Amino acid sequence: MIIRLRYGRRLQTYLKIGACVLVGVCYFAFLFRESLNAYEHRERATAAELEADAAEPSKQQLKLKRQQMQRQRLLAQLQAAQAGTTGSNATGSSATAVAAPLPPASTLNPVYEYSEELHSSTERELQRRREHLAAVCERYKLQEKYPPNPWEFFVSPGHNNLVWCNVFKAASSTWMYYFNVLAGYDVKYLQRTETQPLELARKRFPRPELAELMELLPSALSFLFVRDPFERILSAYRNKLEGNRNTFYKALGTKIVHRFRNHSQGGPWPRCGPTFEEFVRFLIAEHTAGKRFDEHWAPIYSFCTPCSVNFTIIGKTETFQRDSEFIIRQAGLETLLLGLGKLPQRKQRRIGNQARSGIKSEAVVERYFADIDRSTLDQLLKIYRIDFELFDYDYRKYYDMVHPWSLEQSTAGTAAAAAAPATTTAAPAVAAAGASGSTQGSAAA
């Protein structure tokens with residue numbers, strides 16, 4: 001009996017162990033099957049997303065093709081009507097008239113269509129911009145004060161010596177995308193990769209040495225894009241510092257709050273990030289201390305040094321589509337760049353460093369500058385006045401946006417600025433325009 005009891009207990013133990021092992025095997029098999037299903041589902045979703053992204057350019061091209069066909073039919077009708085009105089004078093010639101083919105439509109902007117007339121007017125406008133910039137550079141002798149700075153230049157010798165100075169917050173994301181295409185990256189890879197476009201581009205286009213850049217420039221097609229200086233710094237503030245949402249710039253935002261916020265006013269501190277007025281005071285303090293600016297708000301005259309680099313083309317964000325297509329055609333890159341289409345919307349938002357609200361900075365600039373007084377605007381203009389003059393932007397409109405809380409202080413600052421040597425600012429005193437009102441500001445300009 002004792003022996004049977006022992007064997008029975010052993011058998012029960014073995015059965016329990018076997019049951020536990022079987023349950024464990026079934027459990028792990030279930031987990032493996034679920035993981036496999038999740039992986040397959042994710043792969044299918046990724047493939048479907050890539051197909052959808054790849055289909056976007058083709059849809060756009062079909063739409064443009066339909067628009068082009070409609071324009072051709074309209075042109076044919078107009079030519080037929082003209083032929084009918086002149087039939088009494090030339091009956092035979094009008095019947096054999098053939099409509100001239102329209103130039104190919106651009107995928108840069110469906111509204112903008114290439115034509116010889118538009119090409120000529122663009123060429124004249126770009127020449128005017130270059131002459132204006134050269135005159136301002138000569139007036140203030142800026143070539144001597146700001147030697148060439150090759151830090152943010154991209155050079156592509158294999159594409160007709162294309163040279164670009166990347167001005168951050170001036171529609172740079174599109175041309176960064178174009179240069180990555182010129183670097184040989186596959187378009188689908190650029191659409192799905194999480195690597196920053198600047199990092200990808202620098203792998204193929206390393207920063208040039210100064211001697212290399214200066215040797216290449218005389219035979220190169222060099223260009224940069226510029227923007228209203230105050231809209232540019234507002235865009236940088238909204239993307240990098242507002243709300244302290246940008247991880248990389250959060251420490252800087254906290255530092256600005258600690259340094260410039262009046263803590264007696266209460267309110268959220270410092271988690272909400274600096275206000276635009278605090279950011280402007282930070283810029284003024286950094287400039288006064290002679291410190292180097294971050295590239296997102298560094299003045300273009302010191303960043304791309306346009307007075308020392310004779311750029312072939314000075315593009316503007318206000319005419320970005322037209323100027324970009326002009327550059328592409330001048331470089332002979334139509335087949336590579338004009339048929340690319342656009343990145344998916346989610347990708348454009350991420351690489352373009354757009355504000356989370358999606359509202360463009362030029363639409364809200366007045367609201368932000370309403371928090372700044374005239375004296376602060378005077379000081380801010382001392383930093384960016386040269387950019388305003390070089391690229392023919394009007395700074396006087398901002399005096400209508402700011403509040404006059406510190407008008408007396410601004411008047412005192414005007415007198416001090418007028419007595420100071422002109423070489424301290426490399427431009428005419430700005431404070432006079434701010435203190436004397438919009439009418440006298442116009443006369444000073």
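The sections below take the basis of the model, then its salt bridges, then its surface.

## Basis

The model is predicted: local features need pLDDT of at least 70, side-chain atom pairs count only at pLDDT 80 or more, and totals for chains, interfaces and linings use all residues. Residues are numbered from 1 along each chain as its sequence is written, and side-chain values use heavy atoms, with hydrogens and water left out.

## Salt bridges

With a salt bridge taken as a side-chain nitrogen of Lys or Arg within 4 Å of a carboxyl oxygen of Asp or Glu, the count is 18. E286 pairs with R259, with 3.5 Å between the closest N and O atoms. This pair links distant parts of the chain, 27 residues apart: E286 lies in helix α11 (residues 276–288) and R259 in helix α10 (residues 250–260). Helices (H or I, at least four residues) are DSSP runs numbered from the N terminus. E286 is buried at 8% relative accessible area, whereas R259 is partly exposed at 45%. Buried means under 20%, exposed over 50% and partly exposed in between (1.4 Å probe, protein chains only).

E325 and R329 form a salt bridge at 2.8 Å, N to O. They are 4 residues apart in helix α13 (residues 320–330), so about one helical turn separates them. E325 is buried at 0%, and R329 is buried at 16%.

## Surface patch

Y14, I17, V21 and V25 make a nonpolar surface patch of about 420 Å². Patch residues have over 30% relative accessible area and no salt bridge, with nonpolar side chains (Val, Leu, Ile, Met, Phe, Trp, Tyr) joined within 5 Å and like charges within 9 Å. Accessible areas come from the Shrake-Rupley method with a 1.4 Å probe; for residues, only the protein chains shown count as cover. V21 belongs to helix α1 (residues 2–85).

Technical notes:
Helix = DSSP H or I, 4+ residues; strand = E, 2+ residues; numbered from the N terminus.
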